[in-house]
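Q: Could you take me through the labels used for this structure, setting each one against its definition?

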Amino acid sequence: MTHQPMRVAVIGTGYVGLGTAALLAHIGHDVVGIDIDPDKIAALQSGQVPIHEPGLDDLLASVAHRLTWTTAYDAVSAADVVFICVGTPPGPDGSPDLQYVASAAANLAPHLNGHMQVIVNKSTVPIGTGDYVQRLLEEHAPGYDHGRHQVVSNPEFLREGTALADSLYPDRIVLGGAEGAVAKMTALYAPLIEQTFTAPATAPRPDGYTRPAVVRTTLQSAEMIKYAANAFLALKISFANEIAGLCERVGADIEEVATGIGLDQRIGHRFLQAGLGWGGSCFGKDTQGLISAGQEHNYPMPILEAAIEVNYRQRRVIIDKLLRQLKTLKGKKVGILGMAFKPDTDDLRDAPAHDLIQRLTQLGARVTAHDPIAMPRAAREWAHLTYQEAAQVEDVFDRADAVIVATEWTAYRLLDWTAMSGRMRAPVIIDARNIIRTPLDAELEQVGRSTVKGQVLPS
Ligand SMILES: NC(=O)c1ccc[n+]([C@@H]2O[C@H](COP(=O)([O-])OP(=O)(O)OC[C@H]3O[C@@H](n4cnc5c(N)ncnc54)[C@H](O)[C@@H]3O)[C@@H](O)[C@H]2O)c1
């Protein structure tokens, strides 16, 4: 089947918008990226990618002839499909703040033309937002026609750090909305659904991958699928952390326990890693978003509340481990390895390292922190925190009283841990991500498992 290239506008050029723009251009569509941030657009126009996502700069460069970047919404008038990919950060009460979605909808509406145009909500939004956006279009589009201007919910499932592979080879594509609009989206995604595109060198097609499932449903169900999927993953992580705490007390090893339970195909291994818990812009916000939706309907959601409680308790558990080792933190040098909320991204939103640094300084410690990628961003976004930047990873260890592994970057897995701990005053290492597998002459604490000085740890 031949695929018809379409013209697409992507509103919001953050992690999701850039991934969407790169994917759609790669499968043959002409894409214009629109953002209100003039610095971001200027960077993109000059060929720079304002975020760190492995392979994204190469992919965007390879399809640069199909991409344009602008701050002007009038580009919407030429588009067949308009994606809304703006942020939906949590508001003061924990429910998602829809001001950016509302402003994107209100700003794009006056540029809708008289033809069939599909408006796609890719931002993660509360159930009912599709109808809200439809209403905003109706209010703000001069030539609004319900039959021709329809909203589709197409939630995004990419993970930062593996965004390209997640977008090009998804498990499923969820399309919620009216039949005609969903059919247009199916045509837009046809090369993705049929996997007829050439795999980019930076993101080869995984062995055995055939094609994504397509879930065609209602707006409300599509919106709920996104929230429920994130909530389930979040609670899987919290479940592993809750079991890990008990493992420590009864002498079991969470790594072996997770292997044992994950082999059950009904459970699976993924998202069962015990450690410092989740961070980032999605899990906390989306679990809280579901709880807020429940509250509107007087419907408590105790499982999700517990998942959140266990997650943030984990940050305190790590400080408690450190206090047990050092007794007092006053004047002690504590190193933090990893600031981004997870490896392979520079995203600092809800990063556990933030709370660790804050608590450590409150307790009187002097903190030195390192991240392979996120340090410049932290200098801007964490100016309210007190810590010393480590120019190189060794600076975290030099004469330190303790070091905490907060993010499981591969570079940290590959460190010469014996040499590094030799640089410390009296080595105490809190490996909050369970990455160290070498015998160490140090006090080593991990999560959900006991370690013995000088002993090789099971992998
Ligand atoms: N980051 C992820 O891993 C991820 C994964 C799945 C879903 N999501 C969801 O996708 C959405 C976007 O997330 P993100 O991480 O890409 O956010 P982001 O903060 O990285 O990017 C949002 C962008 O939208 C721009 N923007 C805000 N208001 C605008 C407007 N009115 N017009 C044009 N541009 C505007 C901002 O300047 C920014 O560049 C959120 O709802 C998020 O929950 C994110």
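Q: How do the residues of the shell around the ligand divide into nonpolar, polar and charged?
A: The shell divides into 12 nonpolar, 9 polar and 8 charged residues, where Ala, Val, Leu, Ile, Met, Phe, Trp, Tyr, Cys and Pro count as nonpolar, Asp, Glu, Lys and Arg as charged, and the others, Gly among them, as polar. This is a predicted model, in which local features need pLDDT of at least 70 and side-chain atom pairs count only at pLDDT 80 or more, while totals for chains, interfaces and linings use all residues. Residues are numbered from 1 along each chain as its sequence is written, and side-chain values use heavy atoms, with hydrogens and water left out.

Q: What makes the approach of the Thr 88 side chain to the side chain of Lys 285 a polar contact?
A: The distance given for this pair is 3.1 Å, and a polar contact is a pair of N or O atoms within 3.5 Å; within protein, one must be able to donate a hydrogen and the other to accept it, and residues adjacent in sequence count only if both atoms are side-chain atoms. A polar atom of the Thr 88 side chain also lies 2.9 Å from the backbone oxygen of Thr 124.

Q: How do you know that Glu 160 and Arg 349 meet in a salt bridge?
A: Their side chains are 3.8 Å apart, N to O, and a salt bridge is a side-chain nitrogen of Lys or Arg within 4 Å of a carboxyl oxygen of Asp or Glu.

Q: Why do Glu 160 and Arg 349 receive the labels they have for accessibility?
A: Glu 160 stands at 10% relative accessibility and so counts as buried, whereas Arg 349, at 39%, counts as partly exposed.

Q: Which distances relate Glu 160 and Arg 349 to the ligand?
A: A polar side-chain atom of Glu 160 lies 2.7 Å from a nitrogen atom of the ligand, and one of Arg 349 lies 2.9 Å from an oxygen atom of the ligand.

Definitions and conventions: Buried means under 20% relative accessible area, exposed over 50%, partly exposed in between (1.4 Å probe, protein chains only).
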